[in-house]
Amino acid sequence: MFFWLIYRIYLTKVGKWRHDSELGRVKAPGRDGKETIHPHCKYEKTDSVPEYFFMDNKYQVIPVPFLDDNFAYIVVHVESKQYVLVDPADFDTVQAALEHYELSPATNAPRAILTTHKHWDHAGHNDRFVAAYPGIKIIGGPGENTLAVTKEVQDNEVVTELLDGGISIKVIHTPCHTGHHVMFLATAGEDQFMFTGDCIFQSGVGMFFEGTATQMHAILKRVTNEVSHSTSLFFGHDYGFKNICWA
Ligand SMILES: [Fe+2]
């Protein structure tokens, strides 16, 4: 009962305030007496995170770590420099990453934001992107009530017009962690990349905040059947070590 009360409070603006407080804490210089990983507005890749992955030799997928274990992603069409963002819940760090990769956020706006679910550490800065890029398309799950979403997408819907080069992005509705969480399966040529948000992690799955084990079992069965085993998975958090320790 107490847990659900805390969770309900987290979903309000109190949770958004806490998200911003956490970003400030993680970025504060001298945290734990060590060098900070992500100092104010300055993007630095960590040793454990590859700089980017290639998809169909046309696109780069760039992980952007923030907070203690979150990942946002930038998907770039290399030739045109068009890009979309996935779960960019730390505006300053993502902007710094865009500058680092010479994507010039001041003159080259994101084509869209893909939001896997409403939790603040995934959607909490959508409003800042709207303020910076008026009219930006923000895509989220149906009925998820994601902050600033402009286009709700349905299960199996395929989005094709976001980037040049023929990439398509299929929506996979995965209710369990939240009521209308979605994953995004990107296909370009022979390559498939899937952005799993907080549904699937390395060696584990997301907490069942608004769903059941039966729903998660159905999701895993569907993914096993529908998604190629060669698909690269991009998680919303780096929980691999914790999950393996727990197992
Ligand atoms: Fe979440």
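Q: Which strand is Val158 found in?
A: In this model, which is a predicted one, Val158 is found in strand S8.

Q: And is Val158 buried or exposed?
A: Val158 is exposed, because 11 other C-beta atoms lie within 10 Å of its own, and a residue counts as exposed with 12 or fewer.

Q: What does Val158 touch, then?
A: Leaving aside residues up to four places away in sequence, Val158 touches Ser168, Ile169 and Lys170.

Q: How far is Val158 from Lys27?
A: From C-alpha to C-alpha, Val158 and Lys27 are 37 Å apart in space, and in sequence they are 131 residues apart.

Q: How many bridges join S9 to S10?
A: Strand S9, which covers residues 168-173, is joined to S10 by 6 bridges, and the two run antiparallel. Within this pair, Ile172 of S9 stands opposite Met183 in S10.

Q: What about S10 and S11, in which sense do they pair?
A: S10 and S11 pair in the antiparallel sense, over 5 bridges, with Leu185 standing opposite Met194 in S11. They also form a hairpin that has 2 residues between the strands, and Gly189 in the turn has a positive phi of about 60°.

Q: And S11 with S14, parallel or antiparallel?
A: That pair is in the parallel sense, over 4 bridges, and here Phe193 stands opposite Ser232 in S14.

Q: Why is S11 largely enclosed by the rest of the structure?
A: Strand S11 (residues 191-197) is largely enclosed because 6 of its 7 residues are buried.

Q: New topic: how many residues has the largest nonpolar core, and which have the most contacts inside it?
A: The largest nonpolar core has 58 residues, and those with the most contacts inside it are Tyr73, Ile74, Val75 and Phe184. Strand S10, residues 182-188, gives the most to this core, with 6 residues.

Q: What does Ile74 touch?
A: Again leaving aside residues up to four places away in sequence, Ile74 touches Ile62, Val64, Tyr83, Leu85, Ala97 and Leu98.

Key:
Residues are numbered from 1 along each chain as its sequence is written. This is a predicted model: local features need pLDDT of at least 70, side-chain atom pairs count only at pLDDT 80 or more; totals for chains, interfaces and linings use all residues. A nonpolar core is a set of buried Ala, Val, Leu, Ile, Met, Phe, Trp, Tyr and Cys residues joined through C-beta atoms within 7 Å. A residue is buried if 20 or more other C-beta atoms lie within 10 Å of its own, exposed if 12 or fewer, and partly exposed in between; C-beta atoms are placed from the backbone. Two residues are in contact if their C-beta atoms, placed from the backbone, lie within 7 Å. Two strands pair if DSSP finds at least two bridges between them.
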